[in-house]
Amino acid sequence: MARVLIVGGFLALVFWVFSIVDCAVQPATRHRGVPKGAWIAIVVLIPVLGGILWFVLGRRRRSDQESMRSVAPDDDPEFLRTLGKTEQDERIRRLEEELARLDDETDGPAADSRS
């Protein structure tokens, strides 16, 4: 029975230290609920239960992060609505000119090598 208590205590200690380290190294954007300092205090002051609370409630998962992923301006309908029609036309014209210029640059050497 003593061995079980010693092994269980050791595993609880390892879990507690791992929880503290994991909570401390996560960026502030990966914490849910309360601020990072409060989570560290919870994990330190309530050894095993604090670690369980951290992993279940406090740590933001990658799937949560994907929903917060930033969107490029061209893919963001809200940003595109803020642009005026003339600004959009001007931007499209500039992009088409740049695309034509890039096509001319790539077509030049290829056309010479075929001759």
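This briefing describes the helices of one protein, the packing between them and the salt bridges of its side chains.

The structure is a predicted model, in which local features need pLDDT of at least 70, side-chain atom pairs count only at pLDDT 80 or more, and totals for chains, interfaces and linings use all residues. Residues are numbered from 1 along each chain as its sequence is written, and side-chain values use heavy atoms, with hydrogens and water left out. The protein has six helices and zero strands. Helices (H or I, at least four residues) and strands (E, at least two) are DSSP runs, numbered from the N terminus.

**Overall architecture**

- Read from the N terminus on, the elements follow the order α-α-α-α-α-α.
- The protein has 115 residues, of which 12% count as buried. Buried means under 20% relative accessible area, exposed means over 50%, and partly exposed lies in between (1.4 Å probe, protein chains only).
- Among contacts between residues at least 6 apart in sequence, 58% join residues at least 24 apart. Contact means heavy atoms within 4.5 Å.

**Packing of α1 with α2**

- The axes of α1 and helix α2 (residues 36-45) come within 9 Å and cross at roughly 175°. Axes are lines fitted to C-alpha atoms, for helices over the stretch in contact, and angles run from 0 to 180 degrees between N-to-C directions.
- The crossing angle therefore makes α1 roughly antiparallel to α2. Angles under 35 degrees count as roughly parallel, over 145 as roughly antiparallel, 65 to 115 as roughly perpendicular and the rest as oblique.
- On the α1 side, Trp16, Ser19, Ile20, Cys23 and Ala24 take part, and they meet Lys36, Trp39, Ile40, Val43 and Val44 in α2.
- By class, the contact of α1 with α2 holds eight nonpolar residues, one polar and one charged. Ala, Val, Leu, Ile, Met, Phe, Trp, Tyr, Cys and Pro count as nonpolar, Asp, Glu, Lys and Arg as charged, and the others, Gly among them, as polar.

**Packing of α1 with α3**

- Helix α1 (residues 2-25) also packs with helix α3 (residues 47-58), at an angle of about 45° and with the axes 9 Å apart. The two helices, α1 and α3, are therefore oblique to each other.
- The crossing in which α1 passes α3 is left-handed. A crossing is left-handed if the near helix is turned anticlockwise from the far one by less than a right angle, and right-handed if clockwise.
- In this contact, Ala12, Phe15, Trp16, Phe18, Ser19, Asp22 and Cys23 of α1 meet Pro47, Val48, Gly51, Ile52, Trp54 and Phe55 of α3. Ten of the residues in the contact of α1 with α3 are nonpolar, two are polar and one is charged.
- Serine 19, in helix α1, is buried, with a relative accessible area of 0%. Apart from neighbours within four places in sequence, serine 19 is in contact with Val43, Gly51, Trp54 and Phe55.

- A salt bridge is a side-chain nitrogen of Lys or Arg within 4 Å of a carboxyl oxygen of Asp or Glu.
- Aspartate 22 is buried, at 8% relative accessible area, whereas arginine 59 counts as partly exposed at 24% relative accessibility.
- Not counting residues up to four places away in sequence, arginine 59 touches Asp22, Gln26, Arg30, Arg32 and Trp54. Arginine 59 and arginine 32 are 27 residues apart in sequence and 6.1 Å apart in space, C-alpha to C-alpha.

- The side chains of glutamate 97 and arginine 93 meet in a salt bridge of 2.4 Å, N to O. Both residues, glutamate 97 and arginine 93, lie in helix α6 (residues 85-114), four residues apart, about one turn of the helix.
- Glutamate 97 is partly exposed, with a relative accessible area of 44%, and arginine 93 is partly exposed, with 37%.
- Glu90, Arg93, Arg94 and Glu97 are linked in a network of salt bridges.
- Glutamate 105 forms a salt bridge with arginine 101, with the closest N and O atoms 3.1 Å apart. Because glutamate 105 and arginine 101 are four residues apart in helix α6, about one helical turn separates them.
- Glutamate 105 counts as partly exposed at 45% relative accessibility, and arginine 101 counts as partly exposed at 43%.
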